[in-house]
Amino acid sequence: MRRTADVAIIGGGIIGASIAYHLTKKGVRDVLVLERDRLGSGSTGKNAGGIRLQFSSEINVRLSLRSLPHIERFKEEIGVDPDFHQVGYLFLITEESEVGPFERSLALWSKVGVPARRTDASEAKALSPYARTDDVRFATFCPKDGYADPSSMLNGYVARAREGGATFLEGAEVTAIRCANGRVVGVLAGDDEVAAPTVVDAAGPWAGEVAKLARIEIPIRPLRRHIFVTEPVPGLDADFPLTIEFASGLYAHRESGGVLLGMADPNEAPAFDESVNWDFMPTVVERALARFPILERASIKTGWAGLYEDTPDKHPVLGKVDGIEGFVAAAGFSGHGIMHAPATGELIAELIVDGRTSFDIAAFRASRFGSGDLIREYNVI
Ligand SMILES: Cc1cc2nc3c(=O)[nH]c(=O)nc-3n(C[C@H](O)[C@H](O)[C@H](O)COP(=O)(O)OP(=O)(O)OC[C@H]3O[C@@H](n4cnc5c(N)ncnc54)[C@H](O)[C@@H]3O)c2cc1C
């Protein structure tokens, strides 16, 4: 079948959906989102839903500052409750080597207006009563942070974008990007030949592979990350901040009366592998028991794995790509794509419709990897 679209978006995760919504809000009606599987079947359906301002790079902080108000008023703007638990993020600093970077982050947060503060071990304990804090040198806490439900956010964007005229096709894998005279002219998705002057690569962990269809190199690597969720825990009655033991990368937040646990496996090699490595679970449980003794009364209910879309400097690739007109990248969020989806959708829609953005995204250009202009992010979990 032959189709046309003003903008074809490859990838039906939160980034593609947010861009589609913001494009329709700016009056672009002929938006086509092509998703090879089901909407939300990629990383958007497999993450922890964490929302935070506490990054170490100024541009990541600013992207979060730009997104947060949208998440706070998501229900009013989008009409769907994102279930945002604004309970804060608490970073527990236990190692000497972490002190300097977090001191610098505190200075940055104070400069740019992030209401994060330094707390001592006893205040950390008061904030996150289920966590052990006797070995904590200090902690940082931001009450504006928290966690939300990414599926509700995705569904909200999809519903509003559809109302605005966007079409979402599931089971539509893009296998070719058509180019002529140095510009994009369309894509092939299944049997659909789609003519489109603008193509957005919002394929998450697969965005590097999609870029290759247009002969573009974007260094995005798929890195498997696990989440395990406990059964309801007796005695764990109150919500608590999303709490991170920074040294190990263990993080926890409340989930359906139990606790959601995440932790990176330092031995994980990049691969498109979303199977659960149950052999890794005991490592997570051991760290979790040491940090959250209340979990002695818990058992693991379920676990899953998803892919981080990892770039060499842990920042996304956003915007037009040199050498090919009409190709726009919006991927590589390195584990932060839910919280940065509102700002990203808004900015990419501005770029496509107005030709410029109200927030300078030049630092996120794809060419930075070749020119060595990498941006450092220390607070990756
Ligand atoms: C375990 C884990 C925990 C995380 N925790 C957090 C967190 O706390 N906070 C946070 O902000 N972020 C978190 N993230 C990251 C977050 O999930 C991602 O950054 C975000 O979901 C990226 O959204 P996306 O739309 O870019 O990608 P995806 O949701 O992966 O969507 C991309 C879509 O593209 C489709 N696709 C791929 N190739 C093609 C093709 N050729 N044709 C058509 N469609 C294609 C895929 O099927 C997929 O549905 C976490 C990730 C993981 C794995």
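User: Which residues have the most contacts inside the largest nonpolar core?
Analyst: They are Ile 9 and Phe 168, in a core of 73 residues, where a nonpolar core is a set of buried Ala, Val, Leu, Ile, Met, Phe, Trp, Tyr and Cys residues joined through side-chain atoms within 4.5 Å, and buried means under 20% relative accessible area with a 1.4 Å probe, protein chains only. This is a predicted model, in which local features need pLDDT of at least 70 and side-chain atom pairs count only at pLDDT 80 or more, while totals for chains, interfaces and linings use all residues. Residues are numbered from 1 along each chain as its sequence is written, and side-chain values use heavy atoms, leaving out hydrogens and water.

User: Which helix gives the most to this core?
Analyst: Helix H1 (residues 14-25) does, with seven residues; helices here are DSSP runs of H or I with at least four residues, and strands are E runs of at least two, numbered from the N terminus.

User: And why does the core lie between domain 1 and domain 2?
Analyst: Because domain 1 (2-47 + 151-220 + 313-371) and domain 2 (89-143 + 221-310) both give residues to it, with bounds from an automatic or database domain assignment.

User: New topic: what is the strand order in the open sheet?
Analyst: The eight strands run E6-E7-E5-E15-E16-E17-E14-E18 with mixed pairing, two strands being paired if DSSP finds at least two bridges between them. Strands E6 (117-119) and E18 (300-310) each have a single partner strand, so one side of each lacks a neighbour in the sheet.

User: How many bridges join E5 and E15?
Analyst: Four, in the parallel sense, between residues 89-93 and 242-245, and Leu 92 has Glu 245 in E15 as its bridge partner.

Note on methods: Buried < 20%, exposed > 50% of the residue type's maximum accessible area, 1.4 Å probe, protein only.
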